[in-house]
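The sequence and the coordinates come first.

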Amino acid sequence: MLNMRLLALPFAIAIGCSLATFAQQAPKGKAVLVNLSQPVYPSLARQANIYGDVIVAVTVRPDGKTEVAFESGHPMLKQVALDSAQQSGFECRECDATASYQLVYSFRLTKGNDCCSAMSVPAQVTVGPPSTDQNGQRQTLITITAEEICLCDPASQLTKKSRSLKCLYLWKCS
């Protein structure tokens, strides 16, 4: 697992902030994401060209324990998002009752140079700044970007000529 607390956010590099810095700036009485368990783009979903947003609701109790629930998204991406949310760390800043938080996992596919070798290229994970939705609920956008994978015929990639068994048996092939 990759501790996202150690990684600087893409937009935060210029201003020198990290996930821990945003956690310190959180309002009192609200849930705060302090470390994120890195999600992995499922290889079967990449092969099937499946992408989209998965929303996970997190309930944070005052003692820091969490409960996660799937809200919406593609079923093939659901378990990866739930696993990441369950293994992530949250704090409740001076909470008297439970606080809610939303994690929005945005799975994206891009065209690469060679889709046959795209499986060896790891997915890139970026974390956006904490924000609030239209209902005032705190949320974080996590973008997982991977190259598309295609099904390739390994025989088409062979450069060496080979003779068939029939040809070897008859010895009449040119």
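Is Asp53 buried, exposed or partly exposed? Asp53 is partly exposed, with a relative accessible area of 38%. Here buried means under 20% relative accessible area, exposed over 50%, and partly exposed in between, with a 1.4 Å probe and protein chains only.

## Basis of the values

This is a predicted model, in which local features need pLDDT of at least 70 and side-chain atom pairs count only at pLDDT 80 or more, while totals for chains, interfaces and linings use all residues. Residues are numbered from 1 along each chain as its sequence is written, and side-chain values use heavy atoms, with hydrogens and water left out.

## Salt bridges

The whole structure holds 4 salt bridges, a salt bridge being a side-chain nitrogen of Lys or Arg within 4 Å of a carboxyl oxygen of Asp or Glu. One of them joins the side chains of Arg108 and Asp53, with an N to O distance of 3.0 Å. Arg108 belongs to strand β5 and Asp53 to strand β2, so the pair ties together parts that are 55 residues apart in sequence. Helices (H or I, at least four residues) and strands (E, at least two) are DSSP runs, numbered from the N terminus. Arg108 is partly exposed, at a relative accessible area of 31%.

Arg61 takes part in two of the bridges described here: with Asp63 its closest N and O atoms are 3.8 Å apart, and with Glu67 they are 3.7 Å apart. Through these shared partners, Arg61, Asp63 and Glu67 are joined into one network. Arg61 is partly exposed, with a relative accessible area of 31%. Asp63 counts as exposed at 55% relative accessibility, and Glu67 as partly exposed at 46%.

## Aromatic pairs and a charge over a ring

A search of the whole structure gives 2 aromatic pairs. Rings of Phe, Tyr and Trp (its six-membered ring) pair if their centres lie within 6.5 Å; planes under 30 degrees apart count as stacked, over 60 as edge-to-face and the rest as tilted. Tyr41 and Phe107 make an edge-to-face pair, 5.2 Å centre to centre with 90 degrees between the planes. The pair links distant parts of the chain, 66 residues apart: Tyr41 is in the loop between β1 (31–35) and α2, and Phe107 is in strand β5. Both Tyr41 and Phe107 are buried.

The ring centres of Phe90 and Tyr101 are 5.5 Å apart and the planes meet at 65 degrees, so this pair is also edge-to-face. Phe90 lies in strand β4 and Tyr101 in strand β5, 11 residues apart. Phe90 and Tyr101 are both buried. Elsewhere, the charged end of Lys78 sits over the ring of Phe70, 5.0 Å from its centre; the criterion is NZ of Lys or CZ of Arg within 6 Å of the ring centre and within 35 degrees of the ring normal.

## Helix α3 and Ser84

Helix α3 covers residues 75–87, which is 13 residues, and reaches 19 Å from its first C-alpha to its last, close to the 18 Å expected. The expected span is 1.5 Å times one less than the number of residues. Its buried residues are Leu77, Val80, Ala81, Leu82, Ser84 and Ala85. Among the elements that cover them are α2 (43–47), β2 (52–60), β3 (66–72), β4 (89–92) and β5 (99–110).

Ser84 of this helix is buried, at 2% relative accessible area. The side chain of Ser84 reaches the backbone oxygen of Ser37 at 2.5 Å. This is a polar contact, meaning a pair of N or O atoms within 3.5 Å; within protein, one must be able to donate a hydrogen and the other to accept it, and residues adjacent in sequence count only if both atoms are side-chain atoms. Not counting residues up to four places away in sequence, Ser84 touches Leu36, Ser37, Gln38, Pro39 and Tyr105, where contact means heavy atoms within 4.5 Å.

Gln137 is in the loop between β7 (131–132) and β8, and is buried with a relative accessible area of 19%. Its side chain makes a polar contact of 3.3 Å with the side chain of Ser100. Residues that Gln137 touches beyond four places in sequence include Ser100, Tyr101 and Gln102.

Leu141 is in strand β8 (residues 138–147) and is partly exposed, at 41% relative accessibility. Leaving aside neighbours within four places in sequence, Leu141 is in contact with Val104, Ser106, Thr126, Val127 and Gly128.
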